[in-house]
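Please look over the sequence and the model below before reading on. The paragraphs that follow lead from a pair of strands to the metal sites, then to charged side chains, and end with the chain as a whole.

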Amino acid sequence: MDSYDHLIGIEGLQVMGIDLPAFADGLPGGFFIYEAHGEERILFANRQMADIFSCESVNEFLDLVGGTFPGLVYHHDRLRVENSIWSQINSGDSSDPSHRDHVTYRVVDKNGVLRYIDEYGRLVQDTKLGDLFFVFVAEISSAKGAIASDGRNLVHPHVSVDVDALTGLPSMRYYHSHTSEVLARASIEGTPMVDVYFDVDHFRTINFRLGYEGGDEVLQHVASILQDCFPKDLLARFSDDHFVLVTRREGLEDRLTHVHDRVSRMVSGMPVEIKAGIFELSPNDVTIPFAHDRAKVACNAIKGRYDQFYRFYDDSLSINEELRDYIINHIEQAAEQGWIRNYYQPVVRVATRTCCSVEALSRWFDPELGMLPPAQYIHVLEEARLIHLLDRAVINRSCADIKLTLKRLGTAVPVSLNFSPSALAIVDVPALVDETVRRYDIPKKLVHVEITESSLTEDPELLRSVIKRLHTLGYDVWMDDFGSGYSSLNLLKDYDFDVLKVDMEFLRGMEGNKKSRTIVHSITNLAHSLNMTTLVEGVETEGQLAFLNTVGADRAQGFLFSEPIPYEAIIGDFFLRYPPERL
Ligand code: C2E
Ligand code: MG
Ligand code: MG
């Protein structure tokens, strides 16, 4: 029998009237007690715990795990386990004696073998020692040699369907089956409640930069921050980077601000942005799926915005929802009946002030709603995976306009076309471009393809092959909005572009900001040394243009020269002021 000299301050503790060591040794599995807070020191462990860890004695086991509960859990599982235990403890009724938590996780024994264990814990309040966890442990299996070295994706299949395997939070299923209980309780108490939907902005970029394992860690940290800020609430992970919560309305803004601050500082050198959409619940007239959808709509409305991280749902958003449905239902008709029109925004060579190309920017002229700007329909079509219908209409119109210009003027300037990231995955863009150019029988050098920087992180392999094929077919490829994403410089190393379009944000406030000027100057030099041409977007003043001239930027685009205008206005008025460069 073990000497139990590791017992820390609980000598003589009686459990159900039985002396603790005697009781623990008689159990069929592992048993230990640890402090619920602080370092979570293990105060007691029985002989069977030592066996699970292949140790000779309990003291050896305690040395191996550093004497704490976190030290006992395999490091990849630690956050998930802590999240899971506390969410189960907090969401249950602690006065119910049968209330306990149940988690499955891995441990590493003395010989480095990973073992799967199942634990049942119960939070006990001891008047002398404070909050303690009493834990019973059973080994499910050891998994010699069956574990990848990084420990990923090996969560045991016995993990409950009610628990999200990555974060340890309740799953969608658990959430759906428990929300009505929570709301019923709130309704009896008269507490106003809200449904909150969280989304991590640009999560794909995070995965791309940190790798999938890093992305998983970010999600686990987000889960534990949410857990910390909403300890008593029903919180679940629904999918990917989406979390949901039912909580009381009171004080919500402060708690969301706290979450936002902590999440944004989580990864050093890379701000992580979390958005929250909120729907105020009135228990008698809405269902949870309805509330949940509205919270999501509110969250989507602020995606990608830097000035707002939470938003309450209101009826103006439902008008947006109607517009969204309208756009999805009418895109085919819009493309066929010419409601989609091309506007063109000219690009001017800085040194000579001649027009060297135009960018095709679409506008939706709706017979009922009037003119809709791209901001209202592009993301809707992207999300609905219908953007290729728009892109096809725009390239057709562009090639037709080039053909017409050649006929009328005997020359034409190239048109650059925007392709959304999702379009690249839906249609074969190089084939579409080439087929259209051939059909209109126009020179290939009159069509360029712009790919926005953010799309480069979505599917790097696909993108590489799209760029390569466009080049092989004879088309220039431009990077749009350079500098607007997180990974700009890396992308220059990995992809070949002919033109770098510098994001207009760099010019904002440039006159008073020496750093902005230095950045634009350096980007220009960098692009040139990589054999790329620079085009700076968003030029609005003569001062900005003069500055671009001094730093040697090649081309400029912006309201100083012209907004996007119809084709007729380009070949009429605009070419008189800024003559087109001849082919
Ligand atoms: P983008 O390709 O970066 O286009 C530049 C946007 O900046 C245009 O907005 C343009 O009107 C605006 N802009 C240009 N110069 C200035 C300036 O000096 N100051 C300011 N404040 N803004 C300026 P627009 O036309 O609303 O287009 C927005 C975005 O929508 C475009 O960004 C592009 O990504 C997308 N887009 C537009 N048309 C299409 C299309 O036909 N297909 C696809 N896939 N995307 C499109
Ligand atoms: Mg563009
Ligand atoms: Mg742009």
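Two strands are taken as paired if DSSP finds at least two bridges between them, and that criterion is what gives the term "bridge partner" its meaning in the first stop of this tour, which, like everything below, concerns a predicted model.

How are the residues of S3 arranged around the strand, and are they buried or exposed? Gly30, Phe32 and Tyr34 point one way, whereas Phe31, Ile33 and Glu35 point the other way, and all of them are buried. In a regular strand the side chains alternate between the two faces of the sheet. Because 6 of the 6 residues of S3 are buried, the strand is largely enclosed by the rest of the structure.

The metal sites come next. Which residues supply the protein donors of the magnesium ion (ligand 2)? They are Glu359 (OE), Asn418 (OD1), Glu450 (OE) and Asp480 (OD), which lie 2.1 to 2.2 Å from the ion. Along the chain these donors follow the spacing E-x58-N-x31-E-x29-D. Asn418 belongs to strand S16 (residues 415-419) and Glu450 to strand S17 (residues 447-452), so this pair ties together parts that are 32 residues apart in sequence. The two residues can also be described by their accessibility: Asn418 counts as partly exposed because its relative accessibility is 26%, while Glu450, at 1% relative accessibility, counts as buried.

The magnesium ion (ligand 3) is coordinated at 2.2 to 2.6 Å by Asp480 (OD), Asp481 (OD), Glu537 (OE) and Glu537 (OE), and its donors follow the spacing D-D-x55-E along the chain.

Another joins Arg255 to Asp233, where the closest N and O atoms are 3.7 Å apart. Arg255 lies in helix H8 (residues 252-264) and Asp233 in the loop between helix H7 (203-229) and strand S9 (234-239), so the pair ties together parts that are 22 residues apart in sequence. Arg255 and Asp233 are both buried.

A further salt bridge, between Arg577 and Asp573, has its closest N and O atoms 3.5 Å apart. Arg577 and Asp573 both lie in helix H19 (residues 567-577), where they are 4 residues apart, about one turn of the helix. Arg577 counts as partly exposed because its relative accessibility is 46%, and Asp573, at 45% relative accessibility, also counts as partly exposed. Elsewhere, Arg249, Glu253 and Glu280 are joined into one network by salt bridges that share partners.

It remains to set these details against the whole chain. The secondary structure of the protein chain comes to 19 helices and 22 strands, and 52% of its 583 residues count as buried. Of the contacts in the protein chain with a separation of 6 or more, 63% are accounted for by residues 24 or more positions apart. The protein chain exposes about 26500 Å², of which carbon and sulfur atoms supply 51%.

Key
Residues numbered from 1 in each chain as written. Chains lettered and ligands numbered in written order. Predicted model: local features only at pLDDT ≥ 70, side-chain atom pairs only at ≥ 80, totals over all residues. Heavy atoms only, no water. Buried < 20%, exposed > 50% of the residue type's maximum accessible area, 1.4 Å probe, protein only. Helix = DSSP H or I, 4+ residues; strand = E, 2+ residues; numbered from the N terminus. Donors = N, O, S within 2.8 Å, 3.2 Å for Na, K, Ca; no water. Salt bridge = Lys/Arg side-chain N within 4 Å of Asp/Glu carboxyl O. Contact = heavy atoms within 4.5 Å. Areas by Shrake-Rupley, 256 points an atom, 1.4 Å probe, with all protein chains shown as cover.
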